[in-house]
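I set down here what I looked up in this structure, entry by entry.

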Amino acid sequence: MEKSKANILNGFWRLSEDIPKPLYISLTISSIALPLILWWLVTTIGNIDPKFLPSPANVFQAFVRLWKSGDLVKDTIASLWRVGFGFFFAALFAIPIGILMGSFASIRALFEPLFGLMRYMPAPAFIPLLILYLGIGEEPKITLIFIGVFFFNALMVMDTVKFVSKDLIESTYILGGNPWQILTQVIFPHSLPGILDACRINLAAAWQLVIVSELIASTEGLGRRISVAGRFLRTDEIFVGLIVIGIIGLSLDLFFQYLLRVSCNWASQKR
Amino acid sequence: MFLQVSNLHKNFETKNGKLAVLKDINMTIVQEEFICAVGASGSGKSTLLRQIAGLDKPCFGEVRIDGKTITAPGPDRGMVFQHYTLYPWLNVQENTEFGLKLQGISKKERKEKASYYLSVVGLTNFAKSLPKELSGGMKQRVAIARALTSEPKVLLMDEPFGALDIHTKESMHEFMLDLWQRTNLTIFMITHDVEEAVFLSNRIYALGARPGTVRKEMTINLPERTAHVKRHSQFHDYRDELMELMRLHGKEALTMVA
Ligand SMILES: Nc1ncnc2c1ncn2[C@@H]1O[C@H](COP(=O)(O)OP(=O)(O)OP(=O)(O)O)[C@@H](O)[C@H]1O
Ligand SMILES: [Mg+2]
């Protein structure tokens, strides 16, 4: 028993190297299971008011309740829809602009100062203005996500585009390419992995902002669910909201990682 | 084919003022020659090749190919760079076809041509591999095949084997000579490796540095072009003479730094 344990931990401290698969799997499982067990222990052994910290079982019951009533599905769809729209439009504009900024010093000079400044203005600080200009419907919520994602995404795309080597661009000129072909057939595919990665990272930001945006008078959404649950001290529902948000975010992240692996197999680290 | 570099000067504006990199360069290259320009690092070799390729414009003088002054890159000149410049997301076949694709050549024709030139460089079996799966020497062979698909009048090479280990380099030398003899290619290659230049070329331009000038033009007459020739006294004479030219430059450079 002792021996096999020593074996499985073999290679734990290997610097920047792959670890054995069994070790990898057990560490991954523990990273989720340990906090769960701890949570369960604290709530069963310690005599804690479920209004303060509900047990895993309480939370699961709340989940089933919200699921059956259809509220959870409705909230999830509302939030996903906002993230989807806001993020889609932000990426739609940020990717081409970022590519142009990375490729042309003139366009970089035109946009970089403004974008650099906007990036440091926290998106939630725009909420009062957005309400003033756009009212309290879906528009201010989607615009908030757009603002929070667009500037970061454009600047991150610009950075990946700058990695395209000058030699590669020049050898394309020599092969007979024109600037438009270089942009679409060399710079874009070369930057695609970096662009997908930038989108993946900024999707996390969009997901945070949707929760904030739902504090603007809304009737549904996961953020709304949490704030209502807080007002009525339904702590179990707060937990349900948090966990669902986390799981959806993680799934989207994994989806992007998968996309990256499938579409940009050439860029994977492993040789 | 007739390539002529006449009275070419090139200066760069730098923080410390004007830097003269090439001064009064004159060269001619005719059909089916294999020319090397040798020079130490910083002697302006890459700069010279960029003017010939049309990636940059001389300050004075000109480069003409068949009488036409060069102002931009064109399909009459192919180029292989020192650093690997394959498109990492395309496989070997697609990389080889890429130039033809950019030029709008039909899918069928470019596939045929690329396959032909891949067989010329001996990489038919790797057509489906990605560049990251190839060795350094294979990558440069793909780059050569890619440059040849446009059927250039002259193949320009900027220290193409500089990043390779000695054994791979030697096999690439044999490959280049074989390629040159099988085809009617005209090759202009720059290198700092004197033995490489003597072994490969039929004529050599030795470059001095700061500013880069042609120190000497040397016709190479060797009895054979196999690895044996490297032990031939004639080979040593050529090598030593060129080394001497470059050594002078080394001393000069030191005094210039001091
Ligand atoms: N665009 C540029 N602007 C300013 N200086 C330059 C530029 N390009 C080259 N130089 C300078 O010109 C000189 C010659 O450079 P070049 O790259 O042509 O040398 P090289 O002979 O190819 O050297 P190496 O063997 O290291 O490749 C160097 O001193 C370099 O710093
Ligand atoms: Mg060079």
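**Entry 1, the interface.** I looked up the area buried between chain B and chain A and found about 1900 Å², with carbon and sulfur atoms giving 65% of that area. Buried area is the accessible area (1.4 Å probe) that two parts lose on being put together, summed over both. W89(B), L102(B) and K132(B) supply 35% of what chain B buries against chain A, more than any other three residues.

I note the basis of these values: the model is predicted, local features need pLDDT of at least 70, side-chain atom pairs count only at pLDDT 80 or more, and totals for chains, interfaces and linings use all residues. Residues are numbered from 1 along each chain as its sequence is written, chains are lettered from A and ligands numbered from 1 in the order in which they are written, and side-chain values use heavy atoms, with hydrogens and water left out.

I counted contact as heavy atoms within 4.5 Å. Chain B brings 23 residues to the contact and chain A brings 20. I then looked up the polar pairs, a polar contact being a pair of N or O atoms within 3.5 Å; within protein, one must be able to donate a hydrogen and the other to accept it, and residues adjacent in sequence count only if both atoms are side-chain atoms. Five residue pairs are in polar contact across the interface of chain B and chain A, both residues at pLDDT 80 or more.

On the side of chain B that touches chain A, the elements giving two or more residues are α1, β6 (77-80) and α2 (92-102) of chain B. Helices (H or I, at least four residues) and strands (E, at least two) are DSSP runs, numbered from the N terminus. The largest share of that side, four residues, comes from α2(B).

How many salt bridges lie between chain B and chain A? I found one, taking a side-chain nitrogen of Lys or Arg within 4 Å of a carboxyl oxygen of Asp or Glu. The side chains of R50(B) and E170(A) meet in a salt bridge, with N to O at 2.5 Å.

I listed the residues surrounding ligand 1, among them F12(B), G44(B), K45(B) and E159(B). α1(B) gives the largest share of this shell, three residues. Oxygen atoms of ligand 1 lie 2.5 Å from a side-chain N or O atom of T47(B), 2.7 Å from a polar side-chain atom of S46(B) and 3.2 Å from a polar backbone atom of S43(B).

I located D193(B) in the loop between β8 (187-191) and α6 (194-200) of chain B. A polar atom of the D193(B) side chain is 3.1 Å from the backbone nitrogen of E196(B). Leaving aside neighbours within four places in sequence, D193(B) contacts V38(B) and K169(B). D193(B) and E159(B), 34 residues apart in sequence, have their C-alpha atoms 8.7 Å apart.

Technical notes:
Near = heavy atom within 4 Å.
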